[in-house]
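Please open the structure in your viewer and keep the sequence panel beside it. The tour below goes from one selection to the next.

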Amino acid sequence: MVAAIELQNVSKIYNNVPVVNDLSFSIDSGEIFGLLGPNGAGKSTTIRMIITLTEASGGKITVAGYDINNHRDQVKRNIGVVLQQISIDGELTVWENMEFHGRMHHIPDSQRQKAIARWLDYVSLSDRKDVLARTLSGGMKRRLQIARALLHEPKILFLDEPTVGLDPQNRRRLWEVIRDLNRQGMTILLTTHYMEEVEFLCEDRGRIGIMETGKLIELGTLKDFRTKYGEGLVIKQVDDKIEYLFFPTLADANAYMGGLVDRTGMMCRQSNLEDIFVELTGHQLD
Ligand code: ADP
């Protein structure tokens, strides 16, 4: 099977500094892949190279089987993109924003009207179709960006920090849209620095790549990470420091606690992605 996205030894150098450094990974068709890492890790630069917005300094990138340097048009036809900056035109209505994008992609008239109605309905914006886009809330603007990115029926969707600046309700709503799209077969690559976002979206079937200073420092499913680092966690307060002790299972962690006479300042629970990240890198994301 042809990978949806493949990077081989990709790098990007800005001012003599490699911000993406010899990066290699591939994403299968239908997969959801979360690229996680602190600000400045190189996540956006990686996405920008894959979607042909920024040229790589070295390495090879293929999207839907096409080398991005030789087949830019085919690549663009196969991808939908939602970037961090809200790029919709506030002085156009919601419908007109969709129209404009549809025309840019040469979607024939009859098909375009149907597709616009379908995707606005999908992101629950049908009742806003005639209002100026600038009057939409942050969450609605993001949903409009997603509807627009889906209009030309791409196979692969790129989402760069899709929920930054959204309140919890809007964030949840977007997560559901993203998860549903993936369940329908859409390949999704998203970047985020929110651990809970990756946990929610990649929990069942997704993979997670953890990036730091331009490199992938860990790659696998949440389950892989739990197996590798430990599913059970004992948290121990020692003076003003907190220690994290990992155990293969929660039962092992419980048994350890049970065997202690003095359990002051200790608790036990299942490990989460943040615990594993801290264990892996020795610091927290935010
Ligand atoms: P992330 O998305 O993980 O927050 P970025 O890919 O945005 O990280 O940035 C990675 C590094 O590259 C940062 O140190 C950033 O300052 C630098 N960088 C990004 N874009 C440019 C640019 N156009 N010129 C110079 N440096 C840049």
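**The largest pocket**

The lining of the largest pocket consists of 11 nonpolar, 10 polar and five charged residues; here Ala, Val, Leu, Ile, Met, Phe, Trp, Tyr, Cys and Pro count as nonpolar, Asp, Glu, Lys and Arg as charged, and the others, Gly among them, as polar. This is a predicted model, in which local features need pLDDT of at least 70 and side-chain atom pairs pLDDT 80 or more, while totals for chains, interfaces and linings use all residues. Residues are numbered from 1 along each chain as its sequence is written, and side-chain values use heavy atoms, without hydrogens and water.

Select K76, V81, H101, M104 and H105: of the 26 lining residues, these are the closest to the centre of the largest pocket. Next, colour domain 1 (1-78 + 155-228) and domain 2 (89-153), each of which gives at least three residues to the lining; the bounds come from an automatic or database domain assignment.

**The ligand**

Now select Y14, V19, P38, N39, G40, A41, G42, K43, S44 and T45, the residues around the ligand, meaning that a heavy atom lies within 4 Å of it. Helix α1 (residues 43-50) supplies three residues, the largest share of this shell; helices are DSSP runs (H or I, at least four residues), numbered from the N terminus.

Zoom in on the polar contacts, pairs of N or O atoms within 3.5 Å. A polar side-chain atom of K43 is 2.8 Å from a ligand oxygen atom. At G40, a backbone N or O atom lies 2.7 Å from an oxygen atom of the ligand.

Definitions and conventions. Polar contact = N/O pair within 3.5 Å; in protein donor to acceptor, adjacent residues only side chain to side chain. Helix = DSSP H or I, 4+ residues; strand = E, 2+ residues; numbered from the N terminus. 1 Å grid on protein atoms, 1.4 Å probe; cavity = no way out; pocket = protein on both sides within 12 Å on 5 of 7 lines; lining within 4 Å.
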